[in-house]
Structure formats: C-alpha cells, structure tokens
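Dear colleague,

Please find below the structure for your review. A summary of what was found follows it.

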Amino acid sequence: MSEFLQQVVEGVGAGSIYASLALALVLIHRFTGIVNFAQGELAMISTYVAWQLVASGMPFWLALPVTLAISFAGGMLIERLLIRPVEGAPELTIVIVTVGLFIFVNAAAGLIWSFTVKDFPQPFPEGSVALAGVDIGWSTLGVIGVVAVVMGLLYLLFQHTRTGLVMRAVAANPASARLSGIRMGRVLMLGWGLAATVGALSGVLVAPLLFLEPNMMGGALIYAFAAATLGGFDSPVGAVAGGLVVGVAETLAGAYVGFVGADLKIGVPLLIILVVLLVRPQGLFGRAAVERA
Amino acid sequence: MSTGELTMHASRTARWARPLAALVITAALIATPYYFAPFRVFQLTMVLLYAVVLAGLNLLVGYGGQISLGHGAFFAVGAYTAAVMLDRFTTGHLATLPVAAAGCFLLGLGFGVPALRLRGLYLALVTLAFAVFLPPLLKRFEHVTGGSMGLTVPKPQPPSWTGLAEDQWLYFLTLTVAAVTLLVVRNLLRSRVGRALLAIRENESAAEVMGVRLSFHKALAFAWSAMFAGVAGCLYTWVIGFVSPDSFSLNLSITLLAGLVVGGLASVYGPLLGAAFVMYVPNLAQDISPAAPGVVFGLLIIAVMYLAPTGLAGLAARARQGVRRCVEHLRHTRRRPEPASPAEQTGPPQPEPQPLTAPPTIGKG
Amino acid sequence: MIRMRHTTALRAAAAGIAALLTATACSSQRGQDDSAASADGACKGQQTTGITDKSIKLGGIYPMSGPASAYGTISNGVSTYFKYVNAEKGGIGGRKVEFVVRDDGYQPPKAVEEARRLVEREKVFAVFQTLGTPSTSAVWDYLNQQKVPQPFVATGASKWGTDTEHPWTMGWQPNYVAESRMYADYLKKEKPKAKVAVLFQNDDFGKDLLGGFKQAVKGSDITVVAEESYEVTDPSVSAQMTSLARSEADVLLNITTPKFGSQALAADAKNPRWNPLHIVNSVSASTSVLKPVGFKNVQGVVSATYFKDPADPQWADDAEMKTYRAAMKKYAPDADPSIQFNAYGWAVASSLHKALDAMECPTREGLRDAVQKLKDVKVDMLLPGVALNTGANDRFPIETMQLVRFQGERWVLFGEPLDTRQKFGPVTG
C-alpha cells in the first residue's frame, strides 16, 4: 500500500510540473487563440537567466523576482515584436512563428550556455517528510504549493481586478471587446507577459528536479499539451487538474500494468485524453464553443 | 491588326504552346539526373519525396481546414511497412508501395473517425499523441521492426537495360510517384470530394445544411492525406535504405507542418516550395552559422512568415500579380487609342484553386 | 481565358528551358569518376582523392542542431586538434589538414545527404566520424560502395566491429558490450551474489549495454532483478527510479546520457531507504554530470573510463591535458575545454593522426589498411594503459578500460586496466 501511495506521490510530483507549464499554455491560448510551441523553451531561457543571476552572486530569492520581471517584459516584447506583425495572418501562420521561435531559442541557449547540465540552486530544503510510510520530497511539496498559489493569484487577478475583467472580456469575445474600446494590443501583450512569467516560474521550480540544459522543457511540453488538452484548453483549473491526472496515470500505469511498462507509459494519458475528448470534445473543464452559421 | 486576328493568333499559339511547355518541363525533369552530380540528384529526390507527403498534408490542412501534427507518424508507418516487407518477406520493392498506401489509408480512416468529433486544436493534439507514441511502440516490437537498432534494407537496383546509376533510378521512381500523386490530388480537388472539403472548411454548418456529408468527407480527407504520407514513407525506405524509430520523432511531424505552411496552404505549388524549404534551408542555415544552425533556421522560418504570411506560394502569386499589373499598366498607356481587345476584357485570370481566404484555425475548438 | 493559357504555357516553357540550360551548364557535375585521382609507384591504382603531399581533406558529420546537439561539440575538439597540428606541428606528415564539419541534426536522411556532399562535392579523403548509430547505419553502405574510409565513428554499437562486409568503416570508442563487461567483471569480484536493477535509455546504446551485461553475467550468481527504460523525450526518470527502488536490488546500473544521469544520481541520493552500489556508465561519468547533483551525494559511485576527463583535477598537470587546454583556448575560445566531449574529440583526432602516420601508401586504401592493423598505439589523451589495437580478427580499436570510483571531488582510478577481449573473448554479433 505504501508503495502504491509512493507511486501516487511520484505521479503528483510529475503532474505538478506538467500543470505549471500547461497553465502558461492555457493563458496564451485564452487570449490569443493560438498554441505556443515555444512556451517550454521560453521557460527554459528564463531559467537560464535565473541561473546566470545566481551564478553572478545574486541570492536566489532576489534572483527569482528579477527573473520573473525580466520574463514578463520579455513575453510582452515577443508579442509586440514577433506576433503583432503577423496578427492578421492565418492562425496557423502564428503557430509556425512560435515553432520558429522554439528552434531559435533552443539553439541560442545551446550556443550561449552550452549543452552541459547546469547546477541549479534548490529553493526548497533537501530531503523529505515521511507521511504514513510515504516519502514526500520538500521540493515536490514546494512545486505543488507554488502552483496552488499561482492559481489563486490568477483567480484574484481575473475575477477581482479591472484588468482581469478586461482580459476576460477579450478572451470571451475579441470582436465585441474591440468595439467597446478595449485596447486589444495591450491586453494581448499582458497575456503573453503573464504566460511568460508563469512559464518562468515553472522553469525555475523544475530545474532542480529535471536539471537545467537547453532540452529541459522539450519533453515536459508534450505532457503539458496533454494536460491542457485533457483539462480543456481555455481553463486554468482544467490545466492543473489535467496535469495531475496525466502525471498520476502515467506513473501508475508504468509501474503496475505489466505490458505497459516504462517505455509505453506515455500511451496511457494519451488514451485517457482520446476517451475524454470523444465524450467531451472541449476537454474536461472547457467551454463548448457555440457556433453561429 | 483586328481583334479577331489577335484572338485567332493567340489561340493558335496556345494550341501548341501548352503541349510544348509540358514537353519541355518533362524533358527538363528527365534530363536532370543525367546532368547533375549524384549528390544533387539525391537532394532533388528528397525534395520530390517531401512534396508527396506535403501534397497529402495540404489536402487535409490547406483544403480541409483540419490540422494534423501526426503526419510524421503516418510517414513512419509507410516507411516501416516497406522496410519490414523487404526485410522479413523479401518481396520486390514495387509490391511494398500499394501495401504501404493501403495500410496508411485504412489507418487514416481510423483516425478520421475521432476527427469527426474534434476540431482544430483538439484534433491536432490527438494526432500529436500518435506521433509521440509511435517510436516507443516501434521499439517494443523488436522482433518485427528491428527495435531501436532499426532495419537496413536493400535499395531498388536499376534494371541493367536502363544503364542507369542507382541515384538516377531512385530519382525516376520518385519522380513518377510524385507526378502521379500531384495528378491524383488535383483530380481529387476537382471532384466532388474537393468541393465538399472547401465547403466544409469555409463553413461547416452551412455545408451540412447544403447536404454535404460531413462525417464521410472529413474521414475520407484524413484517409487520403495519410495515404500520401505513407507513400512518401515507402519512398523514403527505398531511397535511404534504413529506418529507425528515432528518425520519425515528433520533430518530423512539426517540420512537415511548418514546411507546408511556409510553402503555402491550399496552393498547388505550396507543397513543392515547402519541400524545397525543408530540404535546402537547413543547408543554408549551417553555411551561415556552422556552430548553431538552429539559430538561423528558426529566424528564417519567422522571416518567411513575416514576408509571406500565406506562404512562399502566396508570395510568388503576389509578385506575379504585381508584375502583371505593372505590365498591363504600361500596355494601356501605350495603346490607349486602340480599343481594348476582348482577351484583355476577361480581366485578371483566377488561379485555379482559390487562394486561402479563411484559414484553418488552430484556435478555439 | 485564352490569353491566360498562352502566357502560363509560355512561362512554363521558359522556366523549363531555363532549367535545361542550367542543367547543361552544370553538365560537368556528373561523372565525378573522371576526376578521381590515383597513385603511381608501389601504390599504383589506389585512390588519392583529397590528399596531396601538402594537404589532406577530411569531413565529419555531427548533430549541430536538433535533439542531440550536445554531442556536436565533439567537432570542436576535433577541429581544434587539427588547427593545433597545422599551426604548431606543420600538419600531419607535412600535410595541412582541412576539416569540413557538416550538420545532420541527428537525422539519417540528412546524414546521407551530407555524406554524399562530402564525397562528391567536397571530395574529401575520408569521412572521419559520423555521430550516432542511426546516422552511421544510414551512410555506411554508401561509403563502402564508394570505397571511402569511414574511420573511428562516434558510436559504441558493437555492429561496427562484428560486421565483416564494411571494411572501410571502423569504430573507435570501447563498444557498449565491452563496457558492460567491465561492470560484470567488477561485480563478480566485489558482489558475486549481486541483485542488479538497471535503468537504461531505450535506444541502441541502452539496449546494447544492457544486453552485453546480461550476457557477461551469465553463469554467475549475479541476477538482473529489475529493469526500467526511459525515452530521450521523457522529462524525467524519477518514476522509473521509484519503481527500481521497489526491487530492493543492491546494485544500480545507470545506463543513461548526461541529463538523465544527473537525474538518476539525484533520485538515488534522495531516497533514504535504498542505498545500492551505484554504477554509472561512461557516457554520464563526466564530473560535469556529477557536480550538479552535489559531490557529497555521489561518493562511492563506480564507473569505467578510457580517456582523461578534462573536468577532473587529477589531470591538471598532465602534459597532454595542458596542450589540449592551451589549444582550446587559442583555437576555440568560445568552447568550454572542461566539457568531456571536447576532450573526446581531441583524443579521437589524435588517434587518426597516428593512423595517418602509419599509412604505407598515402591513399584511401592506405588509410583503410592502416586502421586495421593498429598495434599498441598509444594516444596521450587516453588513459595510461589503454592503447589502440586492431587486427585481422579484431575490429574494435579500444577494448581496454579501467574502473574509477568517485571520492571527494574527483574520480579515482582503481584496479588494473582490463582488456575485456582477453578476459571475455571477442565480441560477437
């Protein structure tokens, strides 16, 4: 039993990693309607910024807010410089721009920092707590805690501030929002900035677990896609729930279902997604799109 | 010169110009492998091969408005079908082509069924799942697929009567398949299937009201598209003679989609231009920056999307229109006293397939 | 409508003619055989493409982009060695080396294209190194057909040595089976009843090493009680490590590439209930993999090695290491000399230097034969006690390794260098 619980904890730990990146994906999708393939790489480069700051002598807890601020500005800048010029183009064109950005950022990070694994400071205490015969690493608890806090902050931002109201208006109906005088450009920049910040946080949190190198987020991005799809691509709550389900499902299946094994464990969350989507095409927490012909 | 004469003259020219053009192009394509170095011939063979899979993908994404991130996987299935047949059953090369095509067609049909319920992004991500899952699956069935070591298979050898070298023979085989593919795709688009696809892309609900059988055509579009990916995969096995699971990663699927969008969606030349981009631009990138070609390649993709948001084919069309407008403007100013000829009054010709007005959405599902 | 057809057709015809003209203009490109040079005298009839008395042209194919870019830096080590030899030693046997590096992005079709480019257009003397089993598998038929030497490929698959149909291709680094024999031999002495848990990368490298290990422990009391694989696209191996911990094995064989190596070492260190003897394979045995985990967490980890790790302080005063560091600083100032792949590149390039020196004829055939009869060739970047040996029945240049244990902040060599061929017999396919 305790072994089983241990695996569940392991799954939740992995799931919270996927959840944090999925959250960033969902944020961008809500406001711009596109999937950002470069999300993981942006998180990775933010993590390198944090690493560089720490390596140059800054204490971690100072480097973190500085990194988040840089990422926020960077996200807005990317929207303004890279995405805005192709704004009117087909959405697929914008998606391919993010693919180009993915390739560029990955190679640039390798060029600047090399592909050697970097030593990233662990923000949480080492070791683990034992609960009912199960070891839960402080770092896992830390990641879960931070994701929960970020969720809470986003909720407050969207539901209880004016900016949030404007952003929700844009997400719900861009055309009407524009007509009612909302400056779309600003909101979209804000959306990209927020997503980059959440992504940066996710990168900094997982770097001590995954180890920092340019391909750190490549694998996690696929799982984050799965998480966001499962939860519904426009629901932050769904992204987190989806991340946890994906993490636990793949871990348990890999460990306990004989013929699945570790090599095919990724198939399990994918199968769950397929089944869920066939029943609810908009994902677990997504809104069904109502179409006018 | 009377208007009648002019038209007569033009039609007489057209009567011989068209077959002549076809003849010249065919001659050029056939002459190519005799003139170019084998290395160049190999590159062209790969361009044709990628053009086949992109033409199929174009059918689905460009004309059908559905998005697939899993075509690398269909490509892999085609490649492995051919490789396993050659390795285990030592069939002839030609026998592998119809099997790979049929297998991928059926597989695509299978994927077409969930595609009926899913739209845009969600469909894209389900196909992505397939692309992610296939390589470990191929590794698992080691006794058939050769596992992670892959399979090395013989390449088709030119019959001695042709006097051709291996690279020339492979070029001609690929050329033939590519030509047939492009013809089939063209005919599909002109048939009811093509019109139904366009109607669905433009407005799904309206198309359904008009009596288009949505589910049937959507599933079929997926199947055709997967089939061409499988055909290209089969050619890949012939040309490279080696398959391994990690050659068909998710990156391949993403590269293919990027290639198509860069080339131009819903355009006849889009797949060819996209294939050339996928083949040649990485070389350009590493010539510019040997240490990190990815930096240049990524920037080039972004740059193309800036300059030509509808792809290279769109850019070519725009340039052509610009030139024509310029020429026409010149001609008009010079010949103002004369009445315009009827030929000119027909207005600017419409390119055969309509340019993409409403793009497929990878947006809210 | 008529006019449109007319212009389209004419335009197409013009394009076709233009294409034909271009083709004709390049007609000299076909038939590279006309220019294939051959030697006179004792070496009569042998190919001298890419080599003169003053120069030698080599090509290499590495993943400079894509998922395996981490290995691309090997080309820096190789290039630096050749630049150093050209500038400070007058080249190899008086011949200045020109080294052309091409990127295949770790994709087999791209590797084929680049191999053809190197052979047909660059007209290289030899394709010195292709990286990775897939890329090498995709090009070796072509290179052998063209009779172009493909010495010292950068992959440890055993097929390069067991194969008999590709005389122009030769491996270099200890094959994965030889490495697994090192660990088997060590366990037989140290823990003859070991229960082994294995974490391995699910590709040719992991499978070859695991298979070799199982073969080598056959007939002993050592058993593999659990095995877990991961894909290079997986974000982490922590779930696999939890599963392996359940087995309560007393030895963990860690067959991973660098990032996953760090993850597995960290997961082992974090688990207070499971403390197996941790063996990490040589690909991940660099100090740069262990450092991020924290040196205090990796004490007593065992591995095997065959070349000097530049990140290891014990070689700081080594003459060859000093030369290497100075050359890297001078000729590749942007590359980090402490990355083990750079030193690997240096070591393999100096091995080729020795092979080129040993050629009886300065021809492609000469190089092919030279790499097939290396006798106790010492290379300074390799460990003392490791030498290159090949022969009629031995197509594995390096089969000797030595065990190392991590103590304090560095790897400490222990035991004697072990010739795995002598101990276990030749590796068979």
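Chain C contains 14 helices and 12 strands, where helices (H or I, at least four residues) and strands (E, at least two) are DSSP runs numbered from the N terminus. The radius of gyration of chain C, taken over C-alpha atoms, is 24 Å, close to the 22 Å that the globule rule (2.2 Å times the number of residues to the power 0.38) gives for 429 residues, so chain C is as compact as a globular protein of that length.

This is a predicted model, in which local features need pLDDT of at least 70 and side-chain atom pairs count only at pLDDT 80 or more, while totals for chains, interfaces and linings use all residues. Residues are numbered from 1 along each chain as its sequence is written, and chains are lettered from A and ligands numbered from 1 in the order in which they are written.

In chain C, 59% of the 429 residues count as buried (20 or more other C-beta atoms within 10 Å of their own, with C-beta atoms placed from the backbone). Chain B has 15 helices and 2 strands, and 54% of its 365 residues count as buried.

Yours sincerely

Conventions:
Buried ≥ 20, exposed ≤ 12 C-beta atoms within 10 Å, placed from the backbone.
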